[in-house]
Amino acid sequence: MRLLIADDHPLFRVGLRAALEREGFEVVGEAGDGQEALNLCMQLLPDGVVLDVRMPHMDGITAARMLREQRYRGLITLLTTFNEPVLVQQAALAGADAYWSKELPPEALAERLRRLSLGLEPRLRAPELPKLTAREQEVLQWMAQGLSTKEIARHLHISPETVKDHLVRLYEKLEARNRVEALERARSLGLLSI
């Protein structure tokens, strides 16, 4: 199987290449960012591409989406240390076939890649995330900054009672009993930008 690997950390790339080649894969190219990976992939047409999620110039999820838009049919695997469900969802919607941890031992990664290429490894599916309205998202962001209900109301130019209504729906959607639980759950899902 011919692979292209992309990661912005040269030492990780060198180690990954060596590990994959030891496992019988042919690494046909390396890239330091998503844009370079996209360009190389369309030139070399490997059987699969292994992308880091967070890279400069273009992240791995954007690169995956652009590869699919350019009709790349090979396997797209994202390797990362970030496990937030919102990133997994974005990766699945971008057309990635797999989203795996960088902590996988090389033998396990190789086995998963082989199984994925044979259709024996389940393809990535977007997880179900709570669907927050734009206003609920705003309330959540202000709440994460430590604002009280009255302060949130002032910032959003709505009544405190309306904020409380949004909080009730937020707690329900996030399966939380209070602000602390709601914020913890939102952070674990990747729903908070701060």
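This is a predicted model: local features need pLDDT of at least 70, side-chain atom pairs count only at pLDDT 80 or more; totals for chains, interfaces and linings use all residues.
Colleague: What are the ground rules?

Modeller: Local features need pLDDT of at least 70 and side-chain atom pairs pLDDT 80 or more, while totals for chains, interfaces and linings use all residues. Residues are numbered from 1 along each chain as its sequence is written, and side-chain values use heavy atoms, without hydrogens and water.

Colleague: Why is α6 called oblique to α7?

Modeller: The axes of α6 (residues 134-144) and α7 (residues 149-156) come within 10 Å and cross at roughly 130 degrees. Axes are lines fitted to C-alpha atoms over the stretch in contact, with angles from 0 to 180 degrees between N-to-C directions. Under 35 degrees is roughly parallel, over 145 roughly antiparallel, 65 to 115 roughly perpendicular, and the rest oblique. Therefore α6 is oblique to α7. Helices here are DSSP runs of H or I with at least four residues, numbered from the N terminus.

Colleague: Which residues of α6 and α7 make the contact?

Modeller: With contact meaning heavy atoms within 4.5 Å, R135, E138, V139, W142 and M143 of α6 meet I152, H155 and L156 of α7.

Colleague: What makes R68 and D97 a salt bridge?

Modeller: The rule asks for a side-chain nitrogen of Lys or Arg within 4 Å of a carboxyl oxygen of Asp or Glu. For R68 and D97 the N to O distance is 2.7 Å. R68 lies in helix α3 (residues 60-69) and D97 in the loop between α4 (85-94) and β5 (98-101), so the pair ties together parts 29 residues apart in sequence.

Colleague: Is D97 buried or exposed?

Modeller: Buried means under 20% relative accessible area, exposed over 50%, and partly exposed in between (1.4 Å probe, protein chains only). D97 has 10%, so D97 counts as buried. R68, at 23%, is partly exposed.

Colleague: How do you know that K173 forms a salt bridge with E136?

Modeller: Their closest N and O atoms are 2.7 Å apart, and the limit is 4 Å. K173 is in helix α8 (residues 160-173) and E136 in helix α6, so this pair joins parts 37 residues apart in sequence. E136 is buried at 1% relative accessibility, whereas K173 is partly exposed at 27%.

Colleague: Why does E121 with R115 count as a salt bridge?

Modeller: The closest N and O atoms of E121 and R115 are 3.4 Å apart, again within 4 Å. E121 is buried at 16%, and R115 is partly exposed at 32%.

Colleague: How many salt bridges does the rule give?

Modeller: The count comes to 13. R13, R17, E21 and E30 are linked in a network of salt bridges.

Conventions. Helices (H or I, at least four residues) and strands (E, at least two) are DSSP runs, numbered from the N terminus.
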